[in-house]
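Okay everyone, thanks for coming. Let me put the sequence and the model up on the screen, and then I'll walk you through what's there.

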Amino acid sequence: MHNGTGSGDPEPEAWTRIRRQARIQRITKRHPFLSVGLPFLVAVVGGSFVLLLTQETKYEVRDKRIQNLSMDEALPPRRKFDIQEEYFRMKSKGDWNGSWEPRRVPRAAEDEPVFDRYDK
């Protein structure tokens with residue numbers, strides 16, 4: 001019986017709380033997966049869903065931005081290609097005087113391809 005002086009048995013609510021905590025401790029001692037493994041799995045699965053949603057949002061925003069661009073804004077301006085104009089432009093640079101021809105650069109014997117070594 002409670003006499004109001006603060007001594008004696010705890011209230012019935014406190015006893016139920018203590019019993020509940022003791023029961024949880026016994027269960028987690030018997031099954032450590034509940035205290036370690038389950039929270040880990042919840043964190044991994046929950047994290048994957050959060051990442052999935054953020055990536056989905058990222059790509060949706062990017063797609064909307066790209067769709068709103070017109071073709072002129074999306075591509076840089078291009079000049080029309082003309083082979084004669086390109087020829088004269090290269091000739092005017094001075095690096096190419098028309099007497100250029102492809103020549104093989106001499107290589108050391110060990111740098112030669114393997115199939116050429118046996119043909120000789």
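So, one term before we start: a residue is buried at under 20% relative accessible area, exposed at over 50%, and partly exposed in between, using a 1.4 Å probe and protein chains only. With that, of the 120 residues in the protein chain, 3% count as buried.

Quick housekeeping. This is a predicted model, where local features need pLDDT of at least 70, side-chain atom pairs count only at pLDDT 80 or more, and totals for chains, interfaces and linings use all residues. Residues are numbered from 1 along each chain as its sequence is written, and side-chain values use heavy atoms, leaving out hydrogens and water.

How confident is the predictor? pLDDT is its confidence in each residue, from 0 to 100. The chain averages 79, and 76% of residues score at least 70. Confidence is highest in α2, at 91, and lowest in helix α5, residues 114-117, at a mean of 60.

On to the layout. Helices (DSSP runs of H or I, at least four residues) and strands (runs of E, at least two) are numbered from the N terminus. Here we've got 5 helices and 0 strands.

Helix α2, residues 37-68, gives the largest share of the patch, 8 residues. L38 is found in that helix, α2, and is partly exposed at 39%.

Let's turn to charges. A salt bridge is a side-chain nitrogen of Lys or Arg within 4 Å of a carboxyl oxygen of Asp or Glu. The structure holds 2. In one, R62 pairs with D63, their closest N and O atoms 3.9 Å apart. R62 is partly exposed at 37%, and so is D63, at 38%.

The other joins R89 and E86, at 2.2 Å from N to O. Those two are 3 residues apart in helix α4, so about one helical turn separates them.

Is E86 buried or exposed? Buried, at 15% relative accessibility, while R89 is partly exposed at 33%. Leaving aside neighbours within four places in sequence, E86 is in contact (heavy atoms within 4.5 Å) with R79 and F81.

How values were computed:
pLDDT = per-residue confidence, 0-100.
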